[in-house]
Amino acid sequence: MSDITIRPALVDDARTIADIHIRSFLESYAHLPKTHRAAQGGLEKRLRLWKRLLGDPEKTTLVACQDEEVVGFI
C-alpha cells in the first residue's frame with residue numbers, strides 16, 4: 001500500500017471530489033427516507049458547486065491522494 005499525500009485541490013479535481021461527496025453522502029445518510037431522492041441529479045449539482053469553490057481564491061480545499069489518485073478531501 002502506498003502512502004497518502006495531501007495537496008491543494010485543483011479545479012481539475014472537481015469531478016472526483018463531487019463523486020466522493022455524493023458517495024459519502026449516500027453512505028452516511030442511507031437510513032433516511034429522502035436520501036436517495038435528495039441525491040438524484042446530485043453529481044452535476046455537486047460538480048458545479050465544486051468547480052465554483054475550487055476556483056475561488058478565498059477558499060481552501062485539500063485532497064488526499066494515493067498513487068496520484070484523489071481518494072478524499074477536506
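Helix 1 (residues 14–29) lies across strand 2 and strand 3 and makes an angle of about 50° with strand 3. Axes are lines fitted to C-alpha atoms, for helices over the stretch in contact, with angles from 0 to 180 degrees between N-to-C directions; contact means heavy atoms within 4.5 Å. The model is predicted: local features need pLDDT of at least 70, side-chain atom pairs count only at pLDDT 80 or more, and totals for chains, interfaces and linings use all residues. Numbering starts from 1 along each chain as its sequence is written, and side-chain values use heavy atoms, without hydrogens and water.

The chain holds three helices and three strands, ordered β-α-α-α-β-β from the N terminus. Helices (H or I, at least four residues) and strands (E, at least two) are DSSP runs, numbered from the N terminus.

The three strands make an open antiparallel sheet in the order 1-2-3, where pairing requires at least two DSSP bridges between two strands. Strand 1 (4–8) and strand 3 (69–73) are the edges; each has a single partner strand, so one side of each lacks a neighbour in the sheet. From one strand to the next, the twist averages 40°. Strand 2 (residues 62–66) is joined to strand 3 by four bridges, and Gln-66 stands opposite Glu-69 in strand 3.

Totals for the chain follow.

| Property | Value |
|---|---|
| Buried (under 20% relative accessible area, 1.4 Å probe, protein chains only) | 27% of 74 residues |
| Accessible surface (Shrake-Rupley, 1.4 Å probe) | about 5,600 Å² |
| Share of accessible surface from carbon and sulfur atoms | 54% |
| Share of contacts with a separation of 6 or more that join residues 24 or more positions apart | 68% |

Definitions and conventions
Buried means under 20% relative accessible area, exposed over 50%, partly exposed in between (1.4 Å probe, protein chains only).
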